[in-house]
Amino acid sequence: MTIELHAISAPIFTARLKSLVHVLKIGEVEGPARGLTEDAILGARLAPDMFDLKRQVQIATDHAKGAMARLAGLDIPSFPDTEQTFAELYVRIDKILAFVASVPAAAVNGREETIVTLKLRNETMELPALDYLQGFALPNFYFHLTTAYDILRHLGMPVGKRDFLWRE
C-alpha cells in the first residue's frame, strides 16, 4: 500500500482548521454572555507558562502552512503574528486554508522519503517527510489546536467533542 502524503495532510489540516473557526465563533458569541471581553478570551491561557488563545491559533496555523510547504518543497509563506481580534484570526485561518488548498497533490505525493530539515531553537532536525508529518507536524498541530479548544472550554464556553470534530 502506498501512502499518499497529500491525503494524510491537506484534508486533515483543512477539516481541523474549519473546526477551529467553529469553536472560535462559539467563544466570540458566547463570551460576552459570560461577562468576558474579546481581549479576555483571546488573552486567556491554561497556565501561566503557556501561550494564550491568540498564540495557540497562530502556532496551529503555522504548523499547517509549514507542513504543506515543507512536504511540497516550497518556501513557507510568512504571516506576521499580529492578530488581536477574532476577525483577524479568521482572516489568518482563511489565508492558511487557501494556501493548503493551493498545494497540489502532485507536489507532495511521492516525497515520503525526501528529507525535511527543521531549524529549531537549539537544534536542527532532519527527517524523512513522512516521519516529519506523522511525528512532528501533526502532533504539534493537534497540540495547539487542542489547547485552543481547551482554553475556550476552561472559560466555560459551550464547546464539546462534537465541536472539536465538527465538519461542514
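This is a predicted model: local features need pLDDT of at least 70, side-chain atom pairs count only at pLDDT 80 or more; totals for chains, interfaces and linings use all residues.
T61 lies in helix α3, where helices (H or I, at least four residues) and strands (E, at least two) are DSSP runs numbered from the N terminus. Residues are numbered from 1 along each chain as its sequence is written, and side-chain values use heavy atoms, with hydrogens and water left out. With a relative accessible area of 0%, T61 is buried, on a scale in which buried means under 20% relative accessible area, exposed over 50%, and partly exposed in between (1.4 Å probe, protein chains only). Leaving aside neighbours within four places in sequence, T61 is in contact with L17, R92, I93 and I96, contact being defined as heavy atoms within 4.5 Å.

By contrast, V116 and E83, 33 residues apart in sequence, are separated by 29 Å in space, C-alpha to C-alpha.

Partly exposed positions were also examined. M50, in the loop between α2 (38–42) and α3, counts as partly exposed at 22% relative accessibility, and touches R45, F143 and T147 when residues up to four places away in sequence are not counted. Although M50 and D150 are 100 residues apart in sequence, their C-alpha atoms are 12 Å apart in space.

Aromatic rings were paired by a distance rule, under which rings of Phe, Tyr and Trp (its six-membered ring) pair if their centres lie within 6.5 Å, with planes under 30 degrees apart counted as stacked, over 60 as edge-to-face and the rest as tilted. The count by this rule comes to five aromatic pairs. In one of them, the rings of Y132 and F136 have centres 6.0 Å apart and planes at 25°, so the pair is stacked. Both residues lie in helix α6 (residues 129–154), four residues apart, which is about one turn of the helix. Y132 counts as buried at 0% relative accessibility, and F136 is likewise buried, with a relative accessible area of 17%. Elsewhere, one aromatic cluster is formed by F13, F141 and Y142.

Charged groups were also found over aromatic rings, the criterion being that NZ of Lys or CZ of Arg is within 6 Å of the ring centre and within 35 degrees of the ring normal. The charged end of K25 sits over the ring of Y90, at 5.3 Å from its centre, while R55 lies over the face of F51, 5.6 Å from the ring centre.

The largest pocket holds about 410 Å³ of space, where grid points are joined across faces, edges and corners and a volume is the space filled by probe spheres set on the points. Its lining comprises 17 residues, of which I59, D62, H63, L120 and F136 lie nearest the centre of the pocket. At least two lining residues are supplied by each of α3 (53–72), β1 (115–119) and α6, and α3 gives the most, with seven. By residue class, the lining divides into seven nonpolar, four polar and six charged residues, with Ala, Val, Leu, Ile, Met, Phe, Trp, Tyr, Cys and Pro counted as nonpolar, Asp, Glu, Lys and Arg as charged, and the others, Gly among them, as polar.

Key:
On a 1 Å grid over the protein atoms alone, a cavity is a set of points where a 1.4 Å probe fits but cannot get out, and a pocket is an open set with protein on both sides within 12 Å along at least five of seven lines; lining residues have an atom within 4 Å of a point.
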